[in-house]
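Hello,

Here is the structure I promised to pass on to you. Have a look at it first, and then read my notes below.

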Amino acid sequence: MTENFLVRCNRDSVAAEVVDGEAIILNLETGAYYSLDQAGARIWQLLEHGLDTPAIAARVAEEYDAPAEAVASDVDALVADLLAEQLVIVDPAPVSEPSSMPSDTRTGAPRAYAPPALKKYTEMADMLALDPPLPGLKDLEWKRPTNE
Amino acid sequence: MEAPDERVTCVIPVHNGGRYLRQAIDSVLAQNMKDVVVLVIDDGSTDDSVAIACSYPDRVHCLSQARGGPAVARNHGARSAETPYLAFLDQDDWWAPDKLARQLGHFARRPDLDVSIGHVQSVWADEQGTREADQPRSGIVPGFIPGTMLVRASAFARMGGFDNRLWYVDGLDWFARALDHNLAFEILPDVLLFHRVHADNLSRRGGESRSEALQVLRAALARRRQGLPIAADNTRDT
């Protein structure tokens, strides 16, 4: 069953980029990082753009020419994984319709659809403890010392 | 028997870092092993950083370069050093007084050791900083940054230094490559470095540094996919 709720990327605690059809997602809280390729990367891209899960499933099914029900079930499973890893959060106040759709940047013949698999890597967590940034600091306002 | 050569060069890149530079240099000169020289690499400063570095009578040398970023400056210093050990320190940070002695003790016991690092205590410099003191990762953490490193110069040369293209996470990249190259590592439990977080260096923790970190992770994954063992756990299939 497809549950119609909106999740959004956890931007305070996550850094992510999609390059060459692969999404690399870094959880700044834990230092774990993740990869998603092919349909998974596309789903991440559409999540970043603010689409809800049924809209994502419909779009991916169309782009990959894959069975809609199977894709919908895969999208729900992936979103559950992303929620469990706190890479996305349930949006308490969904925004209105997204302005423009990110285009499907794949070129050449359509690739075969494969269910997305979120791969998790934790071996660099210690290395990421200090550099890059601590999460959630964007609203930190510093008061400059006045006595210098 | 001849005593081992334990001379250390500490490279401090500085860009308009006059505010805290003296504390950084002093923490090196105050080490309880004295065979250490400081090499300040001025990275295009327009403040009093160079004057501060030049004010020390001995054991502190200063070289200048056009603005190239901390990785370029660290590599500049490493190339100019003539000691068997290299260490690094950032302009805002300072060392624990026995940092080098502790690490050299481990090198003496382990001839195979290439790199020693320790832990880091973040220090929030301004009064408002306490607001974020309970950040989950602002306590004592493993110090995979240049400031805790003590590395054999031969191992550093073998690795090829820091990636000159990186401005924010050259340390992360270096350690990721070092592990892939099987450099012999040791992480001491001791706090060897105090890392000052303040308004100016906090701003560098924004979008660009995150983007660089993702580049480094992507490169590390690519290297491993080319044949090195990869430690992944698949959250769906397990």
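Is C9(A) buried or exposed? With a relative accessible area of 4%, C9(A) is buried. Please keep in mind as you read that this is a predicted model.

As a reminder, a disulfide is a covalent bond between the sulfur atoms of two cysteines. Take C54(B) as an example: the closest cysteine sulfur belongs to C62(B), and at 4.9 Å it is too far for a bond. The cut-off for a disulfide is 2.5 Å. C54(B) also counts as exposed, at 53% relative accessibility.

Next, find strand β3 of chain A, residues 22-27. This strand is mostly covered, with six of its six residues buried. You can check both faces: E22(A), I24(A) and L26(A) are buried on one side, and A23(A), I25(A) and N27(A) are buried on the other.

What does β3(A) pair with? One partner is strand β2 (residues 14-19) of chain A, which pairs with β3(A) in the antiparallel sense over six bridges. In this pairing, E17(A) stands opposite I24(A). The hairpin of β2(A) and β3(A) has two residues between the strands, and D20(A) takes a positive phi there, near 50°.

Strand β4 (residues 33-37) of chain A is also joined to β3(A), by five bridges, and the two run antiparallel. Here I24(A) stands opposite S35(A). The hairpin of β3(A) and β4(A) has five residues between the strands, and in it G31(A) has a positive phi near 80°.

Now for the aromatic rings. The structure holds 13 aromatic pairs over all chains.

Finally, two charged residues in chain B are worth a look. K99(B) lies over the face of W95(B), at 4.4 Å from the ring centre. R196(B) lies over the face of Y20(B), at 3.6 Å from the ring centre.

Enjoy exploring!

Methods:
Residues are numbered from 1 along each chain as its sequence is written. Chains are lettered from A and ligands numbered from 1 in the order in which they are written. This is a predicted model: local features need pLDDT of at least 70, side-chain atom pairs count only at pLDDT 80 or more; totals for chains, interfaces and linings use all residues. Side-chain values use heavy atoms; hydrogens and water are left out. Rings of Phe, Tyr and Trp (its six-membered ring) pair if their centres lie within 6.5 Å; planes under 30 degrees apart count as stacked, over 60 as edge-to-face and the rest as tilted. A charge sits over a ring if NZ of Lys or CZ of Arg is within 6 Å of the ring centre and within 35 degrees of the ring normal. Buried means under 20% relative accessible area, exposed over 50%, partly exposed in between (1.4 Å probe, protein chains only). Helices (H or I, at least four residues) and strands (E, at least two) are DSSP runs, numbered from the N terminus. Two strands pair if DSSP finds at least two bridges between them.
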